[in-house]
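Please look at the sequence and the 3D structure shown here before reading on.

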Amino acid sequence: MRNDRVESGQRRREQRATGELSLQSNLSAVQAKGAMEKLVAAYNKTGGAQVKLNTVASEIYRTQLPTYLTSANPPDVYTWYAGSVADSYAKKGLLLDVSSVWEGLGNYPKAMQTLSTSSTGEKIFVPTSYYWWGMFYRKSNFAKWGVTPPKTWDEFLAVCKTIQSKGVPPIGIGLGDTPWVASAWFDYLNIRINGAPFHRDLLAGRGRFDDPKVKAVFTKWQEALPYFDPKGKSFPFQEATSALLGGKTGMFLIGTFFADSAPKDALDDIDFFQFPIIDPAVPVAEEAPTDGYFASKKAKDPEGVKKFMTWLATAEAQEIYVQSSSGTAIPANPDGKSADTPLVQKGKAMIESAAELTQFFNRDSSDALQPTADAALTKFLDKPDQIDKILKDWQAAAEKVFNA
Amino acid sequence: MNRLRTAGYHLSMSVVSFLWIAPILWVIVISFRSFDDVAANGLGSLPHSFTFSTYKQAWEDADEFRALINSLLVTIPAVLLSLGLASIAAYGLARYNIPFRRTVLLLMLMGNLLPPQILLIPISRFVELIGYYDTLIALIAVHVGFGLGFYTFVLHGFMRDLPREIQEAATIDGAGPGRIYSSVILPLTRPAMAALGALSFTWIFNDLLWSITVIRSGEKMPVTPALLGLQGLFVSSWNVIAAGTVIAAVPTVAVFLRFQKHFVGGLAIGAVK
């Protein structure tokens, strides 16, 4: 009886192996899902192995990805993030070496190549798009309050003061359910004060969170704390977006994905400025989370997978995706055209002029380290006078993650 | 005085009932609001719009029809199978002097005390090993397996208390164990079966954990994970999710209304035995 079952299981596996690639996608939001369907349809028209798209709710995908990758009959290609997150799977020997795909990607910027290379030097990832973070605001509100986008930290604090004097909390944030949003402040303050290399080392476990240099980040943050929206701790970032659009907060440090939750008529009124410069001597770094694909080492048809990924890396494929998704993503291929809106052009220019790129806390470290940051930062926002204790606890929690 | 008391009772109970029902009402209100209204005014504000399009969107985008079919394809066989098997097991354990029957029963119950979370990975690996990963059959099997212990325990308690004389009379009339089970014991166990059936229907229908553990294809997902699929990576259209939730609640509410009486009975069975 059991033998029968094993055999039928194997038969099922063999059937699947014939001429079809499976693409496991976490892009479950309506628009992104539609964009993926268009993308796959376009590839399937080019001939070769047919790709079957399988969209799974992003929350489920996040928790099940390790299971997918380690199963006996894993899907072939996956949507996921570049950098140390991808590398953590490569270290376990789960990812396909796609160095041959990269032979044709000489025009990709150096930063993208680094992000797509595993610690053993293999290319394991094909980036297809990225987005940026910035301090977003409504142009009409800034005009009404008589403030202009600040460039330096002191100017920024002055703007905060002015907005507060109009009776509006200057800095919006949304930490209920989405505590990771606070990490953007930590990331940016750290790369502005201590620089991107220090930030990367710290997140990779080569530094300490109770380092005085990390403490400096928090003392700087304290200067801005009185301007944070006190309600921000209780609602998620999507509600914080509504607060910004409704003029109930002045500015909001957030990634461009927030635009998906904005009514279309408000979008034209939205602009952003670069996170203020704190120390001009530190090379300017920006957060540019990079999305793309990796493939399973057990892929049934590695050549077919590589052919598909080579196509995904073309400007043409990335334009198909960017045009039909929400439109704030920028193609990873430098030849790919992004959306023509002034907002996207400005974001793209900011990223291209940056000396260094980071991604985001979890992408530069690991999904396991993110909760330690959430705990520490939430506590800091509650009890800003306990920095030393918070940092000591954070270091202890981080050590547990790194030693696991 | 008595009148005042009654009035006070009704008033306070109305308030309590309203508190219970308020979140559901809130979901229903949100499900009729447009996306721009929710985005501009926030989830907590009073509605500024009224639309049915959310229901259409939920139905089409989450593919709720297929998801509901999947859910029923899993739930109905799982309920029938687990109750059928559990009643046979309970019959044997309750009515016959099987050696170690207490141990068997305790073992079955022990399995239920294990938190299901620790079994997630073994089960997903095992299902894969026997070649049933990503099939609805696997999901049915998991639900039957997990329900069996508890259902047997409850039915055992119920069957044990049926008078011995009925069975003796049937034996004298020449009925074998099979006949006694189907013609005597089973009809007498109907109230307990109906109560358990109604409870297990909601449990299995509302399950999320096992479906995402043994299924990975979007088109095979039951309705609960399909609802999660309406949530985007960062941004979620809460109005559409609310509409989808309302649709997904219809089958369980229907079962509840149909078996209302047994539900209460079912809870009592668990409490007394």
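The questions and answers below go from the whole of one chain to a single residue and then to a contact between chains.

This is a predicted model, in which local features need pLDDT of at least 70 and side-chain atom pairs count only at pLDDT 80 or more, while totals for chains, interfaces and linings use all residues. Residues are numbered from 1 along each chain as its sequence is written, and chains are lettered from A and ligands numbered from 1 in the order in which they are written.

Q: What is the radius of gyration of chain A?
A: The radius of gyration is taken over C-alpha atoms, and the globule rule is 2.2 Å times the number of residues to the power 0.38. Because chain A has 404 residues, a compact globule would come near 22 Å, and the value for chain A agrees, at 22 Å.

Q: Why does A:Pro331 count as buried?
A: A residue is buried if 20 or more other C-beta atoms, placed from the backbone, lie within 10 Å of its own, exposed if 12 or fewer, and partly exposed in between. A:Pro331 therefore counts as buried, since its C-beta neighbours inside 10 Å number 26.

Q: Which strand holds A:Pro331?
A: Strands (E, at least two residues) and helices (H or I, at least four) are DSSP runs, numbered from the N terminus, and chain A has 19 helices and 12 strands. A:Pro331 is found in the strand of residues 330-331, which is β11.

Q: Which element gives the most to the side of chain B that touches chain A?
A: Residues are in contact if their C-beta atoms, placed from the backbone, lie within 7 Å, and this contact takes 33 residues from chain A and 26 from chain B. With four residues, the element that gives the most to the side of chain B is α2(B).

Methods:
Contact = placed C-beta atoms within 7 Å.
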